[in-house]
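Okay, thanks for coming, everyone.

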Number of protein chains: 2
Amino acid sequence: MQSLQIIFFSLLVSVSVSAPINTALAEMKEPLSAQQSDPRVLRWMEGFPPPADKLITQPDSVYFSFPKLRWSVCHLREFLPTEEISRGLKAPLPLTYAPAHEFAELRIAIDGLTFLPIGSSEEMTWEQSLFANYTDGLLILHKGKVVYERYFGCLNEDGKHAAMSMTKSVTGLLAEILVVEGALDENALVSEIIPEIGGSAFANATVREVMDMTTGVAYSEDYADPDADIWKYSKAASPLPKPDGYIGPNGYWEYLQEVEPEGNHGDAFHYKTINSDMLGWIISRVSGKAVTDLASERLWIPMGAEQSAYQTVDGNGVPFAGGGLSAGLRDLGRLGAMMLNGGKVGSEQVFPEQTVRNIRYGGHRDKFAGFPTLPGASYRSQWWVLHNDHGAFAARGVHGQTIYVDPTAEMVLVRFASHPQAKNGYIDPTSLPAFQAVAEYLMSLAD
Amino acid sequence: MQSLQIIFFSLLVSVSVSAPINTALAEMKEPLSAQQSDPRVLRWMEGFPPPADKLITQPDSVYFSFPKLRWSVCHLREFLPTEEISRGLKAPLPLTYAPAHEFAELRIAIDGLTFLPIGSSEEMTWEQSLFANYTDGLLILHKGKVVYERYFGCLNEDGKHAAMSMTKSVTGLLAEILVVEGALDENALVSEIIPEIGGSAFANATVREVMDMTTGVAYSEDYADPDADIWKYSKAASPLPKPDGYIGPNGYWEYLQEVEPEGNHGDAFHYKTINSDMLGWIISRVSGKAVTDLASERLWIPMGAEQSAYQTVDGNGVPFAGGGLSAGLRDLGRLGAMMLNGGKVGSEQVFPEQTVRNIRYGGHRDKFAGFPTLPGASYRSQWWVLHNDHGAFAARGVHGQTIYVDPTAEMVLVRFASHPQAKNGYIDPTSLPAFQAVAEYLMSLAD
């Protein structure tokens, strides 16, 4: 029974980090490098059967520990029950690629770009950053064309990778679509939509506070504390039958009914995964559809995805709206391109342009704190808004996952990674300045 | 720990039945009819969350019990870890449909066909048989065109359904391809290919005996017997960590290393699922690929499948080669069409024609017994060969699954079903004569 529960340790790890940035890199205890820990080098799960020391099995304290997680991020469905996010049955809408010679030149040029990591005095090349960040896949679209695409480690073009907390941004996008379309009232109280939320601290929060994570709800993700709420959430969320004598909540939604207050709703941004699952419940209730079906109908099918995606589920079949998504790299490129293009795929308006405007506008910057690598940023509808010169905004997930949209550079960058550190605070220093450098380079190109 | 194991009760149920046919229908204790047990009528899993009495959860003794199984056959991945059988990334190869007016007329004509069920004196219409058989999906191709396609219960065109023991036929087809291509020696002993099979009864069986299930291996699937081997196999195969104190085999392959002899290899056909998993191991060893990857590369991608399929796995990530497949109805239609067309998709030879010839030739009819609804039949490379006037052969799985290929009528018929009875001996009486009737009808049509 302990077996599948512990996955949620990692899946739910917050991206917050309070360690000073300039010590972040130094703190790392020299784990295996990206090249050393490449699952093809370590030969995980090779052979029929693999040798005992190359086998990756339950529980997740094993399969999701570094370096094994470098294999497992591409294979979560082999450990957990899942629901499909269907791409539908039609032909995929092909991505447009830069002409072959141009693509090859761009690869060389981008790999050679240099930037200064945050808190460092030593320059790094873009290509070095790929390894520093334990990149599994990196795709860049510029002005609607793929200009860069590389795969590493466990990933390839027809593989799928854990999106981790980028799942939240899909949930938030779906919610924002429903808000703009008038199907969901952002000013409604949670209790008006879900009366059985009962005495939960969520009851008198507004939908908007849930969307923007400004609720005042008690939920600790301190992994060192055996009484932390994360453990109770993990047990509730396990897809397995509860052990004999278990008296806690069963599933995400029962847990949400028991959340205690902590502070006041609306006062401040607190990055807490339970908001995303609360939001998943809200949009399922108002739409009459599981978040997987909503994501299929509103996003994966109309964007012409080339792969169906999937989402892990709890023991009642409820998808993990806060972290359960796995998807193909190019398909998250398609998602990012829709965000860049105001909800359009080609000439088709897939969802209202206002949806993207609302997200890009951002949340309350004065209520945002605790993310040293994201100064001046905000969180809106489960997206990170950088409020930088380029108006960049992003989906982000632990271990280095990101969809980074730079409207000024007309660039969408998607990265899957399996960094030994969960927290993006450790990964941003070699990432955000690199993204800025490639954006500036792409802007410098003649049309 | 008990939770996920019991799925294997149902998945492994033999299609054998020794009850006299003419009492088979009478024996049924009047379960809910197909219409009454339609999961949309019973409203399983509707609502966010569903009412407690509409929730379908672990363990499989719950979720795979009738009538809940009528929902669960379309949702196995939501209960179990799985591996993808990728369709690749290209556009699907569309099936050709009869022109709309013709399709509509054929539907009426076929639904009205009558036949005499085995052991009955009362005629039944084709359409009545769909409900008698708890059909979830039925597709008929004639001369390369879809002439009939209907969905019921939990299934629709973009859904996937448990294939049950039709999985064996995919495993067997892959093995036969490797035999014909020279990559697998059908006369080799298992121990020559897999030395670590050790003292298992499989060690001195030939590959062909494993393929045709003429091994002499002890394996009982008597569900009434608490000491039956099926329980030990289920425990070994469970994808969950073994319970404390568990000392049995871990996974399909460890189990296979401990199989005891029973009778002599080659003497007789015995329908035992462990042969299929032994075969899965053999083809993975010689090809260096998991059966899921083999099925993807050799079948799903080249046949232009419109959906990726999936296969359940054990705790070591080994796909269940004897029963773990779920797939789309039309994609099994594509598979059946390749079998009818001697391994061709359009003008492309996907696998050698000799593969199909070997399967259609059949196994040892004199060694085949115990299947009263299949008199004179045989089993070859995990396919059922009827040796009837039409040269029909079939993949078959419990609860009514079939791919039925009639070369004389140039007909491929695929049925997914969720009959309350597992054994096809109960379902054949209202199925096989119906298939024959529709074949004869299609043959009577002018070109």
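Let's start with A:His399, which counts as buried because its relative accessibility is 5%. This histidine sits in the loop between β14 (393–397) and β15 (401–406) of chain A, and its phi is positive, about 65°, although it's not a glycine. Bear in mind that this is a predicted model.

Over in chain B, B:Tyr134 also has a positive phi without being a glycine, near 50°. You'll find B:Tyr134 in the loop between α7 (126–132) and β5 (135–142), and it counts as buried at 5% relative accessibility.

Back to chain A for the cis peptides. One runs from A:Phe48 to A:Pro49, with omega near 0°, and A:Pro49 is in the loop between α3 (39–42) and α4 (60–63). Another goes from A:Phe66 to A:Pro67, omega near 5°, with A:Pro67 in the loop between α4 and α5 (69–72).

Now, which side chain of opposite charge is nearest to B:Asp406? That's B:Arg360, 7.9 Å away, so with a 4 Å cut-off there's no salt bridge, even though B:Asp406 is buried. What B:Asp406 does have is a side-chain polar atom 3.1 Å from the backbone nitrogen of B:Thr408. Its contacts include B:Leu340, B:His390 and B:Met411.

On confidence: chain A averages a pLDDT of 93, but residues 1–27 of chain A stay under 50. Where pLDDT is low, don't read the coordinates in detail.

Notes:
Residues numbered from 1 in each chain as written. Chains lettered and ligands numbered in written order. Predicted model: local features only at pLDDT ≥ 70, side-chain atom pairs only at ≥ 80, totals over all residues. Heavy atoms only, no water. Buried < 20%, exposed > 50% of the residue type's maximum accessible area, 1.4 Å probe, protein only. Lys, Arg positive; Asp, Glu negative; His and termini not counted. Polar contact = N/O pair within 3.5 Å; in protein donor to acceptor, adjacent residues only side chain to side chain. Contact = heavy atoms within 4.5 Å. pLDDT = per-residue confidence, 0-100. Helix = DSSP H or I, 4+ residues; strand = E, 2+ residues; numbered from the N terminus. Lists of a residue's contacts leave out its neighbours within four places in sequence.
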